[in-house]
Amino acid sequence: MQQRLGTSGRADRFYADQVLDHLNVRMQEFVARQEMFFLATADRHGECDSTFRAGPSGFVQVLGDRLLAYPEYRGNGVMASVGNLSENPRLGILMIDFTRDRIGLHLNGRARVVLDEEMRAHFPDLPVDPIPGRRAQLWVMVEVEEAYIHCAKHIPHLQKVPVNERGARAWGTDDFKRKGGDFFGAAVEADRRPPFRRPQHVNEHLRGGLHEDLPAPGHGAEPASVPGARSSGNDLAAELNGEFLERVERVLARAQPRRPAEDGPEFRGWFDRRDG
């Protein structure tokens, strides 16, 4: 897609300048003072999940320039992220400092889940959190394979609420109201809908692609109803041909009709057929 959209030069410069296979000193310092991050995982079929983790400053432990660990606190028992990691060890972490540096850090790599006692046997200097709801039963150890900046231009600058104005966080609580209650009204409708079942899309993550026409909303939409969708395992280069290629070009032309390709002297459409 970089080649097709004319961004290869920018991407190559970014890889050369910013992407590391380890945490340099400034990255380690940044990680060690963060109080939250966003976590992305997927199961063995590519079904994705994104979530949020938080703790006191330093709850993510930097154990080396290629190794870090974070605690799994008591949650709702679903264990979506840990369950995904048990099937697929790949994960992505996005840390954003909204209040001080207004910058972000991407971390991608491989993970394994470790019991707290096993973790402390190998790393006896790990701190013991005094808050019961923040005492980890599990840790996730992350072997860093990619580390790179998330630029500041779209990150809002937030301010912390003064300590005397904050509501106390109920770490690890099972109190329904203190956890947020039925904020989105899902539970009150539970007896009027069938039980939730995850759709089975085996190898759905191999489809990819850009689509002009999306299926109508609802549980009945099948992958085959998406125009241009390719079957599992098809090669991307083969997909970007013929009618599908023209369809994508029309979508991009409508979105940004006058944008030139960055790396070419003359704009010949989003996908110049001369490049194969």
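What is the relative accessibility of Arg66, and as what does Arg66 count?

A: Happy to. Arg66 has a relative accessibility of 39%, so Arg66 counts as partly exposed; that class lies between buried, under 20% relative accessible area, and exposed, over 50%, with a 1.4 Å probe and protein chains only. A word on reading this: the model is predicted, so local features need pLDDT of at least 70 and side-chain atom pairs count only at pLDDT 80 or more, while totals for chains, interfaces and linings use all residues. Residues are numbered from 1 along each chain as its sequence is written, and side-chain values use heavy atoms, with hydrogens and water left out.

The partner of Arg66 is Asp65: their side chains form a salt bridge with N to O at 4.0 Å. The term stands for a side-chain nitrogen of Lys or Arg within 4 Å of a carboxyl oxygen of Asp or Glu. Asp65 is likewise partly exposed, at 36%. Asp21 joins in too, as Asp21, Asp65 and Arg66 are linked in a network of salt bridges.

Arg100 and Asp101 have their closest N and O atoms 3.5 Å apart; Arg100 is exposed at 58%, while Asp101 is partly exposed at 32%. Asp116 and Arg120 meet at 3.1 Å, N to O. These two are four residues apart in helix H5 (residues 116-122), which means that about one helical turn separates them. Asp116 is buried, with a relative accessible area of 15%, whereas Arg120 is partly exposed at 24%. Helices (H or I, at least four residues) and strands (E, at least two) are DSSP runs numbered from the N terminus.

The largest nonpolar core has 22 residues, and Tyr70 and Ile93 have the most contacts inside it. Such a core is a set of buried Ala, Val, Leu, Ile, Met, Phe, Trp, Tyr and Cys residues joined through side-chain atoms within 4.5 Å. Among the elements that each supply at least two of its residues are helix H3 (25-32), strand S4 (67-72) and strand S6 (103-115). Strand S7 gives the largest share, four residues. Nonpolar side chains tend to be buried together in soluble globular proteins.

Beyond its neighbours within four places in sequence, Ile93 is in contact (heavy atoms within 4.5 Å) with residues including Phe37, Leu39, Tyr70, Leu105 and Val142. Apart from this core lies another, of seven residues, among them Ala69, Val114, Trp139 and Met141.

Next, the strands. S1 (residues 36-42) and S2 (residues 48-54) run antiparallel and are joined by seven bridges; pairing asks for at least two bridges found by DSSP. Phe37 stands opposite Arg53 in S2. The hairpin of S1 and S2 has five residues between the strands, and Gly46 there takes a positive phi near 90°. S1 also pairs with S5 (residues 90-97), antiparallel, over four bridges, with Ala40 opposite Gly92.

Finally, helix H4 (residues 80-87) has Ser81, Val82, Asn84 and Leu85 buried. They are on the same side of H4 because they cover an arc of only 160° around the axis, taken from the directions from the helix axis to the C-beta atoms. The buried residues of H4 pack against S1, S2, S4, S5, S6 and S7.
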